[in-house]
Amino acid sequence: MLSTETSTVTRPAIRVDGLTKRFADRAAFEGLTFEVAAGEVFGLLGPNGAGKTTTVRVLSTLLPLTSGTAEVAGVALEAVNRPEIRRRISVMPETPGLYLRLTVRDNLEFFAGLYGLSRSEAQRRIEQNLALVGLVDRADDLAGSLSRGLLQRTALARALLPDPAILFLDEPTTGLDPVAAAAVREIIGGLRDRGATVFLTTHRLDEAERLCDRVAIVNTRLVSVGRPEELRRRLFRPALELRLGRALLEPAALFESIRGVNRWTNGLGTGVYVLDVTDPEATAPEVARAVVGIGASILRLAEIGRSLEDVYLELVEDEW
Amino acid sequence: MVPTVIRKEFREYRRNRFIVFTMAAMPVVVLLILVGETFALPERIPLAALRRPVGEALLFLQLIPVMLPTTIAAYAVIGEREQGTLEPVLTTPVTDRALLAGKAIAAVLPAVAISWLLYAVYVGLAQLFAPAVVVSQIWTLDQVVAMAVLTPALAAFAILVGILISLRSTDFRVAQQLAVLASLPVIGLVALVTFRVIRPSAALYAAAAGAVGLMAAGCWRLATGLFNRERLLTRFGS
């Protein structure tokens, strides 16, 4: 694990300490420790079998924990508190889990009833959430007649019905085509803007990067947790990629003479160099001047961008 | 929350052709059997000769509340699991008992209503078309008491057995067959009464209803005890 927590966590909506879940002899996950602040979109990333769904199931009281402690929506995760936690949270599982023989509205009315909403309040929230997910005109269609993307949007509307303190989304865009996935992501982005606390599991790193304030990377154990840019900074030193018209005759002599270049290596292709630097913005002009000074032609000089995917692969591959 | 579950179950039944067909077809078939068994009997038949046909007719009437809801009951939990609806339902504040009670009541009500309606239609038709001696055997205080108390007790027992099996089975058809099988001993007892091996009386039917009701209560206790969310969602748990 790279680090534990950042100073951004001030008012935890979820607090997990040494949480472990075992099925017989097999650990679904063990020793998880992290916090999720109220109003934060927190992503749990990991490969298949990393324990993401089981983590959601444990935190949402569906499965008992094996050891460790946790607090969800201000309530200790203990058997006696399960009903109270269920009143404060909402879960959208990986599969939409809708009654296909019922209409969209029937489905929402049923779940509104299970959350104990009065008839008038249920109707108000149903209309509000149908509008939010763009399904007002499909409200009286049978759920079985909807596409996977629309089912997922209905499931999201259902999850929002109780106005939960914490919304758990388990792989919300899995199995969706790019357009449907983008629509669901947009709705989740809207929730973040409204200050909702969202606990999201995904293996889509672009999605996590776009939606999450912080991410935890798990592989049955917590590998790392932090803001995506923090993880990038921790894992990767800043570097410049220099692409020249042709290879340098004496690159070592040139690069070692430039202030701010700590190390250099050959990149992929002829005339391509990767320069490890401390401050890319200050060093890039120095590099340009030095290279032009010896008469070489610069085709490209840019900071190497690291995506969350690079972070993920670096961390998860280390684990394997 | 129980009325919410009942309302949802009814909405699902209405749109499930298999359940609608079973609910509609089985009573019609049974009514035809009842009419065929008893309406063509001669007017001056000795009472002893009436025992078998009338006994069979009354037994069929008590089979309805046992057979009819097993489809629904067996599907109660397995169906939710197959549709993937169990997980979102279990994350809501609904209690295990409210969920099971809603499902059980939603299955008992149509089974009992259809049984009573069938009895009413049978007696009504018998008044018009059957020999008076037959009417005198089926429209009795004993039989009314049986329908009033034993029928609901049998339905509750059959449904709770079905739900119990549904909690531990993953295959709908196996659960349905096991539920019918588990109800057979009770049907055997009812058969002894209807065929006059045990002399029927209102008190006996009431006592039988009480006994079946107790068995149903035992099943309810067992079902709520066996309702384990971990086991329902994974293959683990007690």
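Author: Leaving aside neighbours within four places in sequence, A:L45 is in contact with A:K52, A:T202, A:L205, A:A208, A:V215, A:A216, A:I217, A:V218, A:L308 and A:Y312. The model is predicted: local features need pLDDT of at least 70, side-chain atom pairs count only at pLDDT 80 or more, and totals for chains, interfaces and linings use all residues. Residues are numbered from 1 along each chain as its sequence is written, chains are lettered from A and ligands numbered from 1 in the order in which they are written, and side-chain values use heavy atoms, with hydrogens and water left out.

Reader: Which residues have the most contacts inside the largest nonpolar core?

Author: A nonpolar core is a set of buried Ala, Val, Leu, Ile, Met, Phe, Trp, Tyr and Cys residues joined through side-chain atoms within 4.5 Å. Buried means under 20% relative accessible area, exposed over 50%, and partly exposed in between, with a 1.4 Å probe and protein chains only. Here the largest core has 140 residues, and those with the most contacts inside it are A:L45, A:L156, A:L169, A:I217, B:L61, B:V89 and B:Y122. Helix 8 (residues 141-168) of chain B gives the largest share of this core, 16 residues. Another core lies apart from it and has 32 residues, including A:V16, A:L44, A:A216 and A:V225.

Reader: How many helices and strands are there in chain B?

Author: Helices (H or I, at least four residues) and strands (E, at least two) are DSSP runs, numbered from the N terminus. Chain B has eleven helices and zero strands. Its radius of gyration is 19 Å, close to the 18 Å that the globule rule gives for 238 residues, so chain B is as compact as a globular protein of that length. The radius is taken over C-alpha atoms, and the rule is 2.2 Å times the number of residues to the power 0.38. The C-alpha atoms of chain B fill a box of roughly 65 × 35 × 30 Å along the principal axes.

Reader: How many helices and strands has chain A, and what does its C-alpha trace span along the principal axes?

Author: Chain A has eleven helices and 14 strands. Its C-alpha trace spans about 80 × 45 × 35 Å along the principal axes.

Reader: Which residues does B:A156 touch?

Author: B:A156 is found in helix 8 of chain B. Not counting residues up to four places away in sequence, B:A156 touches B:V108 and B:A216.

Reader: What is the phi of A:A24, and what is that of A:T61?

Author: A:A24 has a positive phi of about 55 degrees although it is not a glycine. This residue is in the loop between strand 1 (12-23) and strand 2 (26-37) of chain A, and A:A24 is exposed, with a relative accessible area of 60%. A:T61, which is not a glycine, has a positive phi of about 70 degrees. A:T61 lies in the loop between helix 1 (52-59) and strand 4 (67-72) of chain A and counts as buried at 2% relative accessibility.

Reader: Where is the place of A:P172, and which residues is it in contact with?

Author: A:P172 is in the loop between strand 7 (166-170) and helix 6 (178-193) of chain A. A:P172 is buried, with a relative accessible area of 0%. Leaving aside neighbours within four places in sequence, its contacts are A:M92, A:Q152, A:V184, A:I188, A:L200, A:T201 and A:E207.

Terms used: Contact = heavy atoms within 4.5 Å.
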